[in-house]
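Please find below a colleague's notes on the model, arranged as numbered points.

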Amino acid sequence: MTARYDGVRVFIPGPVQYTFAAGRSDYFDNSFLWTAHYDNYDYSLDAGIHRFDLDVGGNNTIINFGGTYQFEKFSLGAMYLHSTLDGGDGYVLTLAQGQLKPWVAGTQSSWIKYYDQAAGTYIAHTMYGLADYLHGFQRLWRRLQPRSSGKSCDRY
């Protein structure tokens, strides 16, 4: 689900990449976020703090920590989330295979994810389906990304 977001975003490149943003959208009056991302040869680490002033009153701060380890042909990832709205916690576990490169013919990827999240650990979830109307969820989800044709129009 997508929404209009009016705000400002600052990205600071480097060995650790930082992003700061502030603004508003269709889902919340004001939001502030800070994220950090680090890539190494075979692993990556992420951390973030996202604060939302909700349209219905009150606010929610979601704190997350995660990482991915890349093996030769697959990767394992985990993310922990905590919400101040309901004190709920959540996590997402990922097993992925391959790496889709739309500009290279024949590349493909697939993944399987397990979500176990309290309602406060997401605002508008990007999973396939309508998680926005749930009060938390547990779900096993899989996806096979089709093979790329390698044509320039596949590039994004």
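1. Throughout this note, buried means under 20% relative accessible area and exposed means over 50%, with partly exposed in between (1.4 Å probe, protein chains only). By that scale arginine 51 is partly exposed, because its relative accessible area is 32%.

2. On provenance, this is a predicted model, in which local features need pLDDT of at least 70 and side-chain atom pairs count only at pLDDT 80 or more, while totals for chains, interfaces and linings use all residues. Residues are numbered from 1 along each chain as its sequence is written, and side-chain values use heavy atoms, with hydrogens and water left out.

3. The chain contains 9 strands and 0 helices, where helices (H or I, at least four residues) and strands (E, at least two) are DSSP runs numbered from the N terminus. Read along the sequence, the pattern is accordingly β-β-β-β-β-β-β-β-β.

4. Of the chain's 156 residues, 29% count as buried. The chain exposes about 10,200 Å², of which carbon and sulfur atoms supply 57%; accessible areas come from the Shrake-Rupley method with a 1.4 Å probe, and for residues only the protein chains shown count as cover. Taking contact as heavy atoms within 4.5 Å, 34% of the contacts between residues at least 6 apart in sequence join residues at least 24 apart.

5. Arginine 51 lies in strand β4 (residues 43-54), and its side chain meets that of aspartate 53 in a salt bridge (3.6 Å, N to O). The structure holds 1 salt bridge, the criterion being a side-chain nitrogen of Lys or Arg within 4 Å of a carboxyl oxygen of Asp or Glu. Not counting residues up to four places away in sequence, arginine 51 touches Asn30, Ser31, Phe32, Asn59, Asn60 and Thr61. Serine 83, 32 residues from arginine 51 in sequence, is 9.7 Å from it in space, C-alpha to C-alpha.

6. Serine 44 is also found in strand β4, and it counts as buried because its relative accessibility is 11%. Leaving aside neighbours within four places in sequence, serine 44 is in contact with His37, Tyr38, Asp39, Gly66, Gly67 and Thr68.

7. How many aromatic pairs are there? The count comes to 5, where rings of Phe, Tyr and Trp (its six-membered ring) pair if their centres lie within 6.5 Å, and planes under 30 degrees apart count as stacked, over 60 as edge-to-face and the rest as tilted. Tyrosine 91 and tyrosine 114 form a tilted pair, with 6.1 Å centre to centre and 45 degrees between the planes. This pair links distant parts of the chain, since tyrosine 91 is in strand β7 (residues 89-98) and tyrosine 114 in strand β8 (residues 109-117), 23 residues apart. Tyrosine 91 is partly exposed at 33% relative accessible area, and tyrosine 114 counts as partly exposed at 27% relative accessibility.

8. Leucine 95 lies in strand β7 and is partly exposed, with a relative accessible area of 39%.
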